[in-house]
Amino acid sequence: MTRTTCWLSLLLPLSIPLLRPALVEASELVWDMDQVPVKGKFDETACPDYASYATYPHRPYSEGPLSLPFQRPHVRCRTFQSDAIEKVIKDVTSRMKNPDLARLFENTFPSTTDTTVKFHTNGKDGKEKKKTVTDSTVDDDPWMSTYEDPNKWAGPQSFIITGDILAEWLRDSTNQLKPYQKLALKDKAIFDLILGAINTQSEYVIESPYCNAFQPPPHSGLPVTLNGQDDTVHPAFDPSFVFECKYELDSLAHFLALINAFYAHTKSTDFLNSRWYKALDSVFDVLEAQSKSTFDPETGSYLRNQYTFQRRTDTGTETLNLGGIGNPLNNGTGLIRSAFRPSDDATIFGFFIPANAQMATELKRLAAMLRTTGDKKDITRAETAEAWSKTITAGIWEHGVVHHRKYGEVFAYEVDGYGSALMMDDANYPSLLALPLMGFVSVDDTTYQNTRKMLLEKGSNPYYLTGREFEGIGGPHIGLQNAWPMSLLVQAQTSDDDDEIMKCLMLVLNASKLGLIHESIDVNWSHSYTRSWFAWANGVFADTILDIAKRKPHLIFKDATPYEP
């Protein structure tokens with residue numbers, strides 16, 4: 001994703017006293033929401049661009065020492081409304097001990113619905129795709145190339161951007177919706193929003209399963225934007241449909257994760273339609289193609305991979321070497337190649353362990369869901385998913401676990417099947433630190449605990465960064481001075497130690513001076529950050545607070561009663 005350093009933040013400590021009153025009266029707390037149009041219907045074009053809005057503090061300010069601003073847009077400018085979301089905000093913030101922490105949750109929990117649902121239809125509201133004469137009941141007929149499947153883009157659809165870029169990442173959007181999954185049965189609007197997201201992602205995966213970020217649905221009325229890069233990619237893609245085409249295995253794992261979470265919380269199979277099944281077939285096709293080695297195991301001849309990527313750039317992590325293939329991978333490992341990481345950086349060794357772990361876990365969950373339908377074809381699909389899950393899992397334990405001279409048996413970040421291993425972690429999810437969160441291992445697993453200790457030390461993880469004002473895991477995407485708040489939130493969710501959890505929370509809180517979670521923070525000067533508006537990170541913070549509210553409520557609440565939405 002594009003890096004944007006906000007220098008406005010350098011002036012923030014000076015600007016806040018000028019922008020806020022010395023004392024906020026109670027009557028002022030709702031001053032903005034009471035405004036009504038002078039006449040006629042409210043004009044949505046009057047709403048400020050949130051990318052700019054998020055870079056400035058807005059009143060009312062929290063009553064804690066940090067005086068955090070209220071960063072939610074005006075009610076009429078929010079991109080989605082849900083009473084269930086508002087109830088969670090009230091339930092949680094009314095019980096919190098720290099008013100600054102409460103304000104941060106108040107801003108972040110609804111960040112996705114407030115600002116990033118750029119298009120949504122429940123399939124019955126007049127915004128759905130209209131049938132045309134080009135719709136055909138014949139799918140993929142080479143003699144009817146001007147026709148298309150009438151089910152394409154049918155039903156609920158949801159286009160969720162990640163923040164300051166008008167494009168949808170499969171990974172980001174899945175994680176942004178994660179905090180709302182538990183509300184799907186309580187609010188039909190949330191149910192339709194997530195169902196729409198599944199349908200939209202299905203269309204993306206069908207069209208371009210190797211791509212990571214996509215343009216708005218064609219019937220949304222939203223403009224197409226170009227990423228400004230000079231890429232040569234195979235398979236070729238349509239730039240009016242795809243924003244960026246970096247093949248990241250975790251993107252497809254997140255497509256499955258969105259479905260599995262929806263089913264787990266609703267038991268609904270409304271997404272099981274012809275388009276979803278076609279998308280699942282695309283996932284299986286990618287797994288088959290990307291499980292192949294660089295050289296033929298029998299003849300030793302070079303086998304050109306189906307996916308290649310080359311970008312004209314002077315940044316090594318933005319492209320693949322060896323003509324867009326990447327470094328060689330051995331055969332017979334059971335692992336799946338990933339050309340890029342969730343940070344959008346190129347892998348060094350293509351067997352990226354966190355994405356393989358996530359894929360194995362989601363395939364296992366998918367198999368369990370498919371077996372419940374009673375359909376014979378679904379049973380066959382379940383068997384396929386389960387076989388892949390077992391193969392990948394075995395491959396991780398055989399090739400992805402290495403011996404560390406200090407920590408013993410640990411998970412490697414990337415391997416090549418020849419014996420080479422990369423020992424590090426990146427803040428982006430999926431990561432090694434997050435293995436228990438995705439369900440691959442339990443948090444008390446010995447290999448994971450060894451790995452966790454390795455990752456949270458500067459001497460053993462090159463991207464564990466420390467400074468005067470901030471610390472945490474970063475990654476090559478931003479550089480060697482910026483740690484990502486997301487890593488501290490994952491650290492808190494995988495810890496049972498009260499002091500460690502609160503240290504992580506306070507580091508993130510004190511670095512969130514604009515009342516939102518940034519992409520990354522300069523470890524020596526927390527006023528310097530990247531991205532004011534990053535809804536994925538906001539969602540991870542909200543998810544962390546809900547996790548603590550359930551597991552360790554005494555840390556954040558005035559009482560010790562657990563809370564779940």
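Q: How many bridges join strand 8 to strand 11 (residues 414-415)?
A: Strands, like helices, are DSSP runs numbered from the N terminus, a strand having at least two residues (E) and a helix at least four (H or I), and two strands pair if DSSP finds at least two bridges between them. Here two bridges join strand 8 to strand 11, and these strands run antiparallel; Phe-352, for instance, has Glu-414 in strand 11 as its bridge partner. The model is predicted, with local features needing pLDDT of at least 70 and side-chain atom pairs pLDDT 80 or more, while totals for chains, interfaces and linings use all residues. Residues are numbered from 1 along each chain as its sequence is written, and side-chain values use heavy atoms, leaving out hydrogens and water.

Q: Which order do the strands of that open sheet follow, and which are the edge strands?
A: The open sheet has three strands in the order 8-11-12, with antiparallel pairing. Its edge strands are strand 8 (351-352) and strand 12 (421-422), since each of them pairs on one side only.

Q: What joins strand 1 to strand 2, and how many residues of strand 1 are buried?
A: Strand 1 and strand 2 (residues 157-160) run antiparallel and are joined by four bridges, with Val-117 having Ile-160 as its bridge partner in strand 2. Strand 1 (residues 117-121) is mostly covered, as four of its five residues are buried, where buried means under 20% relative accessible area, exposed over 50% and partly exposed in between (1.4 Å probe, protein chains only).

Q: Where is Gly-123, and which residues is it in contact with beyond its neighbours within four places in sequence?
A: Gly-123 is found in the loop between strand 1 and strand 2. Contact means heavy atoms within 4.5 Å, and, leaving aside those neighbours, Gly-123 is in contact with Glu-128, Gly-155 and Pro-156. Gly-123 and Ala-154 are 31 residues apart in sequence, yet their C-alpha atoms are 7.1 Å apart in space.

Q: Is Glu-244 buried or exposed, and is Asp-314 buried or exposed?
A: Glu-244, which lies in strand 6 (residues 242-244), is buried because its relative accessible area is 7%. Asp-314 lies in the loop between strand 7 (308-311) and helix 10 (321-324), and it counts as exposed because its relative accessibility is 77%.

Q: Which side chains make polar contacts with Glu-244 and Asp-314?
A: A polar contact is a pair of N or O atoms within 3.5 Å; within protein, one must be able to donate a hydrogen and the other to accept it, and residues adjacent in sequence count only if both atoms are side-chain atoms. The side chain of Glu-244 makes such a contact with that of Asn-212, at 3.1 Å, whereas the side chains of Asp-314 and Thr-315 are joined by one of 3.5 Å. Beyond residues up to four places away in sequence, Glu-244 touches several residues, among them Trp-169, Arg-311 and Asp-344.

Q: At what angle do helix 11 and helix 12 pack?
A: Axes are lines fitted to C-alpha atoms, for helices over the stretch in contact, and angles run from 0 to 180 degrees between N-to-C directions. Helix 11 (residues 353-370) and helix 12 (residues 376-399) pack at about 150°, with their axes 8 Å apart, and are therefore roughly antiparallel; angles over 145 degrees count as roughly antiparallel, under 35 as roughly parallel, 65 to 115 as roughly perpendicular and the rest as oblique. The residues that meet include Ile-353, Leu-363 and Leu-370 in helix 11, and Ala-382, Trp-388 and Ile-396 in helix 12.
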